[in-house]
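I opened this notebook to keep track of what I looked up, entry by entry.

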Amino acid sequence: RWRPGELELHFIHTGCGENCFYILPDGTTILNDTGDFYRPKYVGEIPFLPSAERLGGEWVARYISRVWPEKTIDYLIFSHWHTDHIGSMDIGQKPSPKAGWRFRDFGDGLRVNGFRCVAREFSFRRYLDHQYPSWGAYKSHDRISVELVRRWLQAEKPKGLAVEPFRVGALDQIALLRAPEKYKGVFSIRNLCANGVAWDGADGRHDYAAEHAAAAKDGRINQNTLSSAFVIRYGRFGYYAGGDVSGRLKRADGTEVDYEAAIGNLAGPVTVCKMNHHGCPDAMGEGFVRAVRAKAYVACVWDPWQLSSEKTLARLTSREIHDGRDPVVVPTLLTAKNAEKFAGRPFVKNIPAETRHGVHVAVKVAPGGGESTMYLMDARDESMRVVRRIGLSA
């Protein structure tokens with residue numbers, strides 16, 4: 001159980017999205033994305049866990065109930081508009097061979113999944129997203145996810161939900177709400193980027209997306225690149241989360257900037273890094289990895305393509321990049337095909353064997369931000385059985 005003074009980071013595996021829940025040292029809580037995306041052709045390789053009996057968002061709600069006794073979550077933060085991070089609703093879309101849909105009717109006339117399943121069990125105090133209130137910027141958004149959130153906010157704002165845009169560069173927007181004075185000078189959360197706008201490392205911001213839109217022919221930007229990102233600092237411990245930040249953007253003169261690397265340089269070295277874009281081959285580039293040099297990398301996996309590149313894994317485990325250290329690389333599921341493909345590669349020793357069965361990942365940081373421990377828990381049932389402990393020196 002969480003105790004006052006501890007920082008806990010939970011990566012909840014369901015097989016159909018990215019789901020992160022954080023308990024800060026004074027008991028302030030954050031839900032950072034809850035996805036529900038179904039690709040029937042992947043179920044054989046990446047099953048819904050613990051089972052297909054419930055939706056991904058329902059399993060997330062049950063997990064949170066086991067680690068947090070209250071029914072209110074302080075912050076709901078969405079990184080970007082993709083179903084595997086937010087969920088969706090039934091507005092007449094038809095399943096395709098690549099994507100299927102599963103929804104739950106909670107009796108309000110809407111058929112939904114994702115974060116709405118958590119919102120049925122928990123209330124939220126504050127809401128942040130990367131584009132509010134200008135949804136759909138740069139012709140890049142998930143219409144279904146936006147509509148899901150739009151309708152929910154219309155119902156919740158009159159009840160007192162505080163709704164804000166994610167403020168780039170802010171050091172006080174995602175803040176301790178219960179006992180901030182106890183952790184003054186030792187705990188902070190810095191907003192790094194959102195919607196293609198990045199903190200400049202001082203008192204300003206740089207709008208990479210607007211610059212790209214002006215230089216590019218069609219002005220379109222991948223929604224992943226528009227993700228929000230932040231870094232948590234607690235004593236000597238650091239944690240980076242950036243949704244699906246990835247890609248390159250054009251400068252005004254037509255040349256390109258490695259946007260992911262730029263965000264990594266703002267974050268700086270951390271202890272634990274949630275992988276950008278689930279560790280897909282288009283993310284976790286060398287510039288970014290050299291900037292964060294994490295001791296542990298966690299990928300929330302729901303697609304066989306995620307964390308499937310040998311080049312990516314070679315970077316994540318490079319002793320040269322990581323100052324002679326051997327980082328641990330933790331996918332919430334290492335598929336059988338990828339395990340077979342990687343057999344005999346040097347980086348395999350950095351991937352815990354337990355990940356082949358599907359694991360929840362929890363990081364517990366001691367009071368003051370000193371020692372930290374990563375726990376891998378069997379995701380095939382709700383026992384929270386720890387199958388491996390990994391010490392992380394901050």
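The entries below follow the order in which I looked things up.

**Entry 1, ground rules.** I am working with a predicted model, in which local features need pLDDT of at least 70 and side-chain atom pairs count only at pLDDT 80 or more, while totals for chains, interfaces and linings use all residues. Residues are numbered from 1 along each chain as its sequence is written, and side-chain values use heavy atoms, with hydrogens and water left out.

I looked up Arg248 and Asp258, whose side chains form a salt bridge at 3.8 Å from N to O. Arg248 belongs to strand β14 (residues 248–250) and Asp258 to strand β15 (residues 256–258), so the pair ties together parts that are ten residues apart in sequence. Helices (H or I, at least four residues) and strands (E, at least two) are DSSP runs, numbered from the N terminus. For accessibility I used relative area, with buried under 20%, exposed over 50% and partly exposed in between (1.4 Å probe, protein chains only). Arg248 is partly exposed at 47%, and Asp258 is partly exposed at 25%.

I then turned to Glu354 and Arg388, which meet in a salt bridge at 3.5 Å, N to O. Glu354 sits in the loop between α9 (336–342) and β19 (359–365) and Arg388 in strand β21 (residues 386–392), so this pair ties together parts 34 residues apart in sequence.

I also found a network of salt bridges that links Glu70, Asp74, Arg125 and Arg178.

Which strand does β7 run parallel to? I found that four bridges join β7 (residues 123–129) to β8 (residues 162–165), and that the two run parallel; strands pair if DSSP finds at least two bridges between them. Tyr127 has Val163 as its bridge partner in β8.

In α4, the buried residues include Ile144, Val146, Leu148 and Trp152. The buried residues of this helix pack against β4 (72–78), α2 (83–86), β6 (111–112), α3 (115–121), β7 and β8, where contact means heavy atoms within 4.5 Å.

Conventions. A salt bridge is a side-chain nitrogen of Lys or Arg within 4 Å of a carboxyl oxygen of Asp or Glu.
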